Amino acid sequence: MDGNAWGLLLQGAWTTAWISGVSILLGVFLGLVVALLRLAKIPFLDQLLGAYISLARATPLVTLILFIFLSGPTLGINLNRSTAAIMALTLNTTAFNAEIWRSAFNNFSKEQREAAMAVGMTPWVYFRRIMLPQTVITSLPNLVNEMSFLVKGSPAIAVIGIVDLTRVTNRISAVTYDPLPPILAAGALYMAMIGLLVWGQRIAERKANRLAM
Amino acid sequence: MPEQPEVSIRNLSKSFDGIEVLRDVDLEVKSGEVVSILGSSGSGKSTLLRCINWLETPDRGEIRINGERIGLQDKTQKPMSRRELAKVRTQLGMVFQSFNLWPHLNVLRNVTEALIYVQGLKKSDAVERAMAFLHKVGMAEKAASYPATLSGGQKQRVAIARALAMQPKVMLFDEPTSALDPELVGEVLSVMKDLSSEGYTMIIVTHEMDFARNVSDQVVFLEKGIIIEKSAPEIFFHSPRSERVRRFLELDKVV
Ligand SMILES: Nc1ncnc2c1ncn2[C@@H]1O[C@H](COP(=O)(O)OP(=O)(O)OP(=O)(O)O)[C@@H](O)[C@H]1O
Ligand SMILES: [Mg+2]
């Protein structure tokens with residue numbers, strides 16, 4: 001592989017990284033919002049969100065991406081490829097994250113809540129100061145797991161013509177007629193990205209180690 | 001004008017799944033009084049205590065702290081907003097059997113958290129007040145430790161400091177020593193005894209008979225959700241009116 005090929009490869013890696021990164025950040029946050037809305041058990045909205053979660057978890061990524069990208073113009077919205085990709089990845093990962101957050105909230109100790117109520121904390125203060133910091137820590141392994149699923153599932157975005165880290169290996173080998181080196185390099189780059197996520201998780205866990213759960 | 005009771009409970013009733021756990025309970029606690037609540041397991045002691053700060057919602061009856069209604073609006077009988085309820089609760093400190101410390105916060109922050117985020121104290125003021133109360137319960141040296149590293153007796157003393165630091169009018173204790181190894185019971189009881197001599201108003205659910213005898217001003221005996229005896233400790237422990245209490249005390253002697 002020459003310098004030109006490496007340049008293309010890194011461009012592909014960057015595309016995968018930033019689209020995944022934005023989707024991960026949005027998905028973790030929106031998953032939290034969906035989980036909280038579901039905890040509030042607001043009639044109708046709760047069923048609606050429940051249906052969204054089942055649907056999003058059952059739909060293959062490729063299908064979801066195509067659907068969003070193609071239905072945009074029909075609805076008169078002009079989506080560029082990256083936006084469509086981020087929307088699809090976010091819709092997908094939010095559904096999984098919502099369930100991760102929700103189970104962490106549901107399993108959270110009732111005793112700690114009562115102690116907070118007894119000193120006069122409002123539900124919001126309790127959530128912000130007592131429950132959230134601890135559920136972040138307990139959910140982290142599952143959230144990071146879901147993040148790495150997202151990165152590994154991200155080649156699906158090539159279906160609407162985005163040249164991501166997987167797609168770019170095709171382009172390179174079309175010129176070099178040697179498909180193995182770019183694929184091996186892409187594999188290493190995927191591993192690096194996921195390694196970065198796991199490394200971040202380890203640091204957070206170490207900080208939280210004094211927590212006796 | 002007669003002195004207003006610090007806590008007044010009237011006609012309190014509560015059912016769980018159609019089973020009546022408290023029935024028409026009346027109780028008045030004066031300022032500085034220590035009231036012990038005794039009774040066999042399942043008699044409704046915890047439920048009574050938890051109704052006082054509205055951790056359980058009673059079905060009927062009214063509870064007043066210093067004349068101020070908790071849980072329901074006085075005029076409309078409608079439930080208080082969560083914010084109003086939280087405000088009334090700051091007048092009541094509660095200590096739980098299982099300590100219920102927050103594991104992600106160190107000892108100091110377990111005490112300062114509500115001072116800062118409920119009472120709105122400046123951080124430096126909160127720390128100063130928290131250290132004073134930690135000192136009072138003999139836990140000042142452990143201010144930087146996390147709950148997981150403490151013994152049960154130490155955890156309970158921190159929990160007491162956490163409640164005291166809010167400067168409540170009344171302290172509620174639900175079997176504060178029942179989860180402790182026998183050799184750790186004494187350190188917690190001694191803190192509670194100090195509080196009673198300092199004039200704190202306390203309502204204590206306990207199985208510690210000697211403590212109830214020596215520290216209480218009133219002893220209350222609950223049986224199936226009904227108060228069947230309410231008397232001064234001298235009377236309660238020596239010549240109780242009810243046959244049931246006599247049996248309960250004899251049983252305790254045998255064990
Ligand atoms: N949240 C609840 N839901 C259903 N039943 C409950 C609940 N809390 C308490 N009970 C029932 O109410 C009754 C009284 O319980 P409570 O905890 O007040 O008893 P207690 O006197 O504190 O007993 P112990 O000495 O064992 O702590 C028991 O039969 C208990 O099973
Ligand atoms: Mg109890």
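The model is predicted: local features need pLDDT of at least 70, side-chain atom pairs count only at pLDDT 80 or more, and totals for chains, interfaces and linings use all residues. Residues are numbered from 1 along each chain as its sequence is written, chains are lettered from A and ligands numbered from 1 in the order in which they are written, and side-chain values use heavy atoms, with hydrogens and water left out.

**Ligand 1**

Around ligand 1 there are 13 residues, each with a heavy atom within 4 Å of the ligand. Ser41(B), Gly42(B), Lys45(B), Ser46(B) and Thr47(B) come nearest. By class, 2 of the shell residues are nonpolar, 8 polar and 3 charged; Gly counts as polar, and Asp, Glu, Lys and Arg as charged. Helix α1 (residues 45-52) of chain B gives the most to this shell, with 3 residues; helices are DSSP runs (H or I) of at least four residues.

The table gives polar contacts, meaning pairs of N or O atoms within 3.5 Å.

| Residue and atom | Distance to an oxygen atom of ligand 1 |
|---|---|
| Gly42(B), polar backbone atom | 2.8 Å |
| Ser43(B), backbone N or O atom | 3.2 Å |
| Lys45(B), side-chain N or O atom | 2.8 Å |

The protein covers 59% of the 630 Å² of accessible area that ligand 1 has on its own (Shrake-Rupley method, 1.4 Å probe).

**Ser139(A)**

Ser139(A) is part of helix α6 (residues 123-153) of chain A. Ser139(A) counts as buried because its relative accessibility is 2%, the limit being under 20% (1.4 Å probe, protein chains only). Beyond its neighbours within four places in sequence, Ser139(A) contacts Ile100(A), Trp101(A) and Ala104(A), with contact meaning heavy atoms within 4.5 Å.

Methods: Helices (H or I, at least four residues) and strands (E, at least two) are DSSP runs, numbered from the N terminus. Buried means under 20% relative accessible area, exposed over 50%, partly exposed in between (1.4 Å probe, protein chains only). A polar contact is a pair of N or O atoms within 3.5 Å; within protein, one must be able to donate a hydrogen and the other to accept it, and residues adjacent in sequence count only if both atoms are side-chain atoms.
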